[in-house]
Amino acid sequence: MKAIVRKSIGVLIAVLCITQYGHTQDLLPGLRVWGNFQVDAQYYMSDTLIDAPDVPEKIGMNAFANLNLAYENLTIGFRYESYQLPLQGFDSRFRGSGIPYRFASWTQDNLEITVGNFYDQYGNGLVLRSYVEPNLGLDNSLDGVRMLYRPVEGITLRTLIGDQRLYFDKGPGIVRGADAEANLNQLLPALAESPNQLTLGLSGVSKFQRDQDPLFNLPENVAAFAGRLNYSRGAFNINTEYAWKSQDPSAENRMIYKYGEALVMSASYSVSGFGLLLSGKRIDNMGFRSNRNAVANDLHINYLPAMTRQHVYSLTGMYPYATQPNGEMGALAELTFRLPRQSLLGGPYGTTIVVNTSVANSILREALNDTLPVGQPGTDGYTSAFFALGDEKYFQDFNVEINRRFTRNLRGSFTYMNLYYNQNVIEGKQLPDEDKIVKAHIFVADMTLRLPNRQSLRWELQHLATQQDKGSWAMALLEYNRAPHWFFALSNQYNYGNDDSDKRIHYFMVNAGYSQNANRFSLGWGRQRAGIVCIGGVCRVVPASYGFTLSVTSSF
């Protein structure tokens with residue numbers, strides 16, 4: 001450890017001397033320095049028509065910069081963050097500046113040791129996933145010690161201990177974890193040439209938090225275990241993982257003592273011009289946080305995948321699905337195939353079609369006895385047969401996407417989406433039964449025309465037809481690109497189907513951007529509708545806003 005500290009100090013001194021004595025490579029041959037910078041700022045203007053909240057400070061800003069250095073077996077780095085005032089939709093506890101992420105990592109003889117902050121994931125993340133997603137305001141990095149060791153080829157052992165980041169502070173719980181993974185084809189000589197590739201993994205994670213609750217007797221140590229298998233043969237792949245969690249009463253599960261469990265499975269087959277993906281999951285009381293009182297996106301230890309398609313267009317993404325850790329069953333199927341060139345349906349350049357569907361449903365819960373309601377705090381909550389579906393559908397969508405090149409310079413993408421969306425479950429609303437479900441048909445046409453001199457013109461037309469929630473929407477976008485530097489875009493979303501005529505509002509936006517190598521600048525002006533932003537089933541609420549936006553990114 002002393003050697004690591006000495007080398008860290010030496011590298012830092014060398015970097016600080018760059019401006020005095022020249023380039024880093026001249027001081028320490030073999031030293032690598034890299035990083036990135038990003039700032040997102042907005043000037044907020046008053047707009048009572050869209051119910052944009054009043055922002056006294058007028059300007060909000062999220063910014064961060066990463067700096068990493070590697071020399072021989074040592075890597076060190078840190079991230080500086082500044083939120084002056086956090087952008088609307090981000091938690092106000094981000095406000096301030098500091099260095100919440102810094103680390104040093106040393107690798108030698110197949111052993112890697114990291115001290116400070118780090119991210120890690122075991123398997124699919126059912127018992128552990130620490131990661132950062134700036135667009136969601138999510139960072140559950142661990143601060144402590146992590147070790148990775150490969151004693152022989154085919155075996156990877158990992159262990160860690162630390163507490164989690166909570167904005168510019170730490171959560172009250174301690175997280176401990178260990179993981180072992182074996183690639184049998186590398187480990188066993190008899191399988192080295194086998195076309196069947198098999199990998200097994202086992203994980204164990206626990207948290208410790210003191211019991212200071214005056215009402216309940218709470219477990220201070222909570223453990224979760226998972227086993228996984230990945231099998232592949234040529235174009236065929238199967239991945240599955242099962243996780244189990246001990247009693248963990250929390251604010252998320254209404255203080256029940258039921259054990260938690262989760263199962264995810266996926267199978268895929270892919271060859272040239274054809275692909276098939278089938279996935280399924282069952283989740284029951286599997287929320288896992290290092291603070292039993294945490295809510296929203298705070299202090300998640302694990303990750304529960306949404307298993308729904310991630311949409312890139314504004315109207316297809318208007319009603320995204322959020323994973324329900326207290327109980328859900330879900331499935332996804334996706335078929336991709338390509339119609340060959342010069343065929344009747346494929347056209348001169350071929351056509352790619354993607355058909356996708358997914359569904360999420362409640363699990364069947366049965367009361368413990370006739371006198372207690374389902375989910376009674378202070379009890380096991382309920383019983384649930386593993387493969388028994390509940391009677392409430394949370395989400396369902398059906399998508400067809402057609403991608404086709406019409407001429408050498410003109411290509412298009414066309415999407416149809418059929419949507420079923422339960423607002424009460426996904427957004428936590430308390431609407432009557434006749435209003436809680438949104439059913440919608442969504443159409444998207446996305447065309448790109450390549451012009452001479454590295455120019456292009458892209459336009460989108462979108463339509464969302466529904467009689468629920470805020471009614472139907474129409475959207476149009478026109479974008480001009482002049483590679484490699486400039487782009488300009490105009491867009492408008494119009495809520496023409498709103499039952500309230502005063503809310504039939506145009507959400508217009510003007511954007512311009514400039515890129516130079518690894519630097520990108522973007523400036524926008526217009527309205528942002530209120531809604532939900534989701535990435536991988538993790539979501540945050542975005543309030544309506546009006547004003548100017550600035551985004552700057554750079555990397556080196």
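I count two strands as paired if DSSP finds at least two bridges between them. Strands are DSSP runs of E of at least two residues, numbered from the N terminus.

I am working on a predicted model, where local features need pLDDT of at least 70, side-chain atom pairs count only at pLDDT 80 or more, and totals for chains, interfaces and linings use all residues. Residues are numbered from 1 along each chain as its sequence is written, and side-chain values use heavy atoms, with hydrogens and water left out.

I looked up the hairpin of β27 and β28 first. Two residues sit between its strands, and Asn517 takes a positive phi near 55°. β27 and β28 (residues 519–528) run antiparallel and are joined by eight bridges. I find Ser515 bridged to Arg520 in β28.

On to β26 (residues 486–494). It runs antiparallel to β27 (residues 506–516), with nine bridges. Here Tyr494 has His506 of β27 as its bridge partner.

**Entry: Pro320**

I place Pro320 in the loop between β18 (274–284) and β19 (328–339). Is Pro320 buried or exposed? Its relative accessibility is 15%, so Pro320 counts as buried (under 20% relative accessible area; exposed is over 50%, partly exposed in between; 1.4 Å probe, protein chains only). Beyond its neighbours within four places in sequence, Pro320 is in contact with Tyr421, Ile426, Ile532 and Cys534 (heavy atoms within 4.5 Å). Tyr421 is 101 residues away in sequence, yet the C-alpha to C-alpha distance is 8.4 Å.

**Entry: Leu276**

I find Leu276 in strand β18. Leu276 counts as partly exposed because its relative accessibility is 33%.

Key:
Helix = DSSP H or I, 4+ residues; strand = E, 2+ residues; numbered from the N terminus.
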